[in-house]
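User: I am new to reading protein models. Please take me through this one.

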Amino acid sequence: MANGGIIGPPNLTSFGKNKVTSKTSSGCVSLQSGTRLVDTLVVAGGGGGGGGTAGGGGAGGLRIFQNQSASGTLAAVVGAGGAGGPSGTSGTSGNDSSFNSQTSSGGGGGGNTVCACGSIGLSGGSGGGGAGFFDCNAGTGNTPPVSPPQGNNGGDGDATPGPGPTTNLGGGGGGGASAVGGDGTGGSPFASTGGGDGGAGSPVTSVFGAAPQPFYIPNSPNTGATACGVFAGGGGGGNRQPSGRCAAGGTGGGGKGGLANAAGVNGNTNSGGGGGGGGNNATGGTGGPGIVIVKELNKASGKWTLAEQLEALEEGTWV
């Protein structure tokens, strides 16, 4: 009865003042002395786009961990994005990110034009898109039953028959944190066919605050918007033709796909966005590095006596 006759779970306060720390490169996070609970966003590096009418890179895995016990100084690992592949080469998968023993997986690299030899979109946090030849398959993402899920599958490449000069073959878009990548399309006329769009990323504003926030990533003209607090969009697929549809990167920093002889656009820095697939004879874009965001919570749990509440108020640690 040391707690004044109130029966309940052990008391726990986290006097974190809801401070938010953003890590855009690997290093340590020193929590405040009163912090005991945190919410954490862990976004891995996006996959690189494949080269040559290729698939877009998959977004890095995105996971939010809430009400996690944490104190002291902890290491944050921010995964780099995967390199874009030269023409005829798959993109490289992104690198994992982690914090407080929680990990997200790097996005899968986009597939390339020679998938008939076994090269397809790679799997990862989100799957890379398939290349625009031979109906190349996409990579798979870490979807349920993974808990919490990290991302989605990429889109398949197009395999529309016909002579090469009159057939518009598009690579599949990379998967995003909240949506699959679009399939590549083909045929004639070229205007409405081409690479598949990258899958959309996920918003984090419900946990880390509404936009704008200084820790959200600014928009870039050739990548999916991130200023609204959305991360981990997939890269758009590459196009065989020099005209026609230019595949958009997924909202959340995914890079735009390239037309013929044009490289795919890099994923936005620290968005975890996938790189765009390269157009015919062109290199894929590099995946965007990931990010770790830590929110130190103000929170009390358990049952408290009035005397304990007054004491905490006097010490400035009651939440």
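Analyst: First, a definition: buried means under 20% relative accessible area, exposed over 50%, and partly exposed in between, with a 1.4 Å probe and protein chains only. Helices (H or I, at least four residues) and strands (E, at least two) are DSSP runs, numbered from the N terminus. The model is predicted: local features need pLDDT of at least 70, side-chain atom pairs count only at pLDDT 80 or more, and totals for chains, interfaces and linings use all residues. Residues are numbered from 1 along each chain as its sequence is written, and side-chain values use heavy atoms, with hydrogens and water left out.

User: Which residues form the covered face of strand β6?

Analyst: In a regular strand the side chains alternate between the two faces of the sheet. Strand β6 spans residues 73–77, and T73, A75 and V77 lie on its uncovered face. The covered face holds L74 and A76.

User: Which residue in β6 stands opposite C28?

Analyst: Two strands pair if DSSP finds at least two bridges between them. Strand β3 (residues 27–30) pairs with β6 in the antiparallel sense, over four bridges. Opposite C28 stands A75.

User: Which residue in β7 stands opposite A76?

Analyst: Strand β7 covers residues 97–99 and runs antiparallel to β6, with two bridges joining them. Opposite A76 stands F99.

User: Which element of the chain has the lowest mean pLDDT?

Analyst: pLDDT is the predictor's confidence in each residue, from 0 to 100. The chain averages 84, and 82% of the residues score at least 70. Among its elements, β6 has the highest mean, 97. The lowest, 65, belongs to helix α2 (residues 306–315).

User: Why be careful with low pLDDT?

Analyst: Where pLDDT is low, the predicted coordinates should not be read in detail. For the elements of this chain, the lowest mean pLDDT is that of α2.

User: What is the strand order in the open sheet of four strands?

Analyst: The pairing in this sheet is antiparallel, and the order is β2-β11-β4-β5.

User: In β11, which residue is the bridge partner of V20?

Analyst: Strand β11 (residues 291–296) runs antiparallel to β2, and four bridges join them. The partner of V20 is K295.

User: What share of the chain is buried?

Analyst: The chain has two helices and twelve strands. It counts 319 residues, and the buried share is 52%.
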